[in-house]
Amino acid sequence: MGEVPGSEVSVTTPEPRRRKRRRGRVTVFPNWCKGCGLCVALCPVKVLEQAEDGRVIVAYPERCTACRWCELHCPDFALFVSEVEE
Ligand code: SF4
Ligand code: SF4
């Protein structure tokens, strides 16, 4: 049987839409940080850690989701978060 023009059905599966994940970069100003540990305790994904001298270090920068929770709660404005392209 001959093929009927236009009868070919092409099924295309749509590409799964990749949702962009927000990423952040944390900058700490060590001179302003009093080492209270609030930001370390509040970060939901444990990006920050405190060194023995109380200094805050960005231990796992790749985890940061740019939620700004740390920045909003730092009483000394000692860190800020900028959003970065993934
Ligand atoms: S909340 Fe601010 S002052 Fe406290 S440890 Fe974090 S950066 Fe330092
Ligand atoms: S912006 Fe959010 S995820 Fe990133 S370090 Fe601060 S609290 Fe953690």
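Leu48 lies in strand β2 of this predicted model, where helices (H or I, at least four residues) and strands (E, at least two) are DSSP runs numbered from the N terminus. Leu48 is buried because 24 other C-beta atoms lie within 10 Å; a residue is called buried if 20 or more other C-beta atoms lie within 10 Å of its own, exposed if 12 or fewer, and partly exposed in between, with C-beta atoms placed from the backbone. Not counting residues up to four places away in sequence, Leu48 touches Cys39, Val40, Cys43, Val56, Val58, Ala59 and Cys70, a contact being a pair of residues whose C-beta atoms, placed from the backbone, lie within 7 Å. Leu48 and Arg63, which are 15 residues apart in sequence, are 9.7 Å apart in space, C-alpha to C-alpha.

Because the model is predicted, local features need pLDDT of at least 70 and side-chain atom pairs count only at pLDDT 80 or more, whereas totals for chains, interfaces and linings use all residues. Residues are numbered from 1 along each chain as its sequence is written, while chains are lettered from A and ligands numbered from 1 in the order in which they are written.

The chain has 2 helices and 4 strands, and these elements follow the pattern β-α-β-β-α-β when read along the sequence. Of the 86 residues of the chain, 13% count as buried. Among the contacts in the chain with a separation of 6 or more, 58% are accounted for by residues 24 or more positions apart.

The largest nonpolar core has 11 residues, namely Val26, Cys39, Cys43, Val47, Leu48, Val56, Cys64, Cys70, Cys74, Ala78 and Leu79; such a core is a set of buried Ala, Val, Leu, Ile, Met, Phe, Trp, Tyr and Cys residues joined through C-beta atoms within 7 Å. Val26, a member of this core, has its place in strand β1 and counts as buried because it has 21 C-beta neighbours inside 10 Å. Residues up to four places away in sequence being left aside, Val26 touches Val47, Val58, Pro61, Cys64, Cys70, Leu79 and Val81. The C-alpha atoms of Val26 and Val81 are separated by 4.5 Å, although the two residues are 55 positions apart along the chain. Leu79, with its neighbours within four places in sequence set aside, is in contact with Val26, Thr27, Val28, Phe29, Cys39, Cys70, Glu71 and Cys74.

Ala78, also listed in the core, lies in the loop between α2 and β4 (79–84), and it is buried because 20 other C-beta atoms lie within 10 Å. Not counting residues up to four places away in sequence, Ala78 touches Val28, Phe29, Trp32 and Cys33. Ala78 and Gly35 are 43 residues apart in sequence, and their C-alpha atoms are 9.8 Å apart in space.

Ala78 is also among the residues that come nearest to ligand 1, together with Cys33, Cys36, Cys39 and Cys74, out of 13 residues around this ligand; a residue is near a molecule if its C-beta atom, placed from the backbone, lies within 6 Å of it. The shell around ligand 1 divides into 9 nonpolar, 2 polar and 2 charged residues, where Ala, Val, Leu, Ile, Met, Phe, Trp, Tyr, Cys and Pro count as nonpolar, Asp, Glu, Lys and Arg as charged, and the others, Gly among them, as polar. Ligand 2 is surrounded by 14 residues, of which the closest are Cys43, Val47, Cys64, Cys67 and Cys70. The shell around ligand 2 has 11 nonpolar, 2 polar and 1 charged residues by class, and β1 (23–28) and α2 (69–73) each supply at least two residues of this shell.

Backbone angles were also considered. Most residues other than glycine have a negative phi.

Arg21 is found in the segment before β1 and is exposed, with 8 other C-beta atoms within 10 Å. The C-alpha atoms of Arg21 and Glu85, which are 64 residues apart along the chain, are separated by 9.0 Å.

Definitions and conventions
Two residues are in contact if their C-beta atoms, placed from the backbone, lie within 7 Å.
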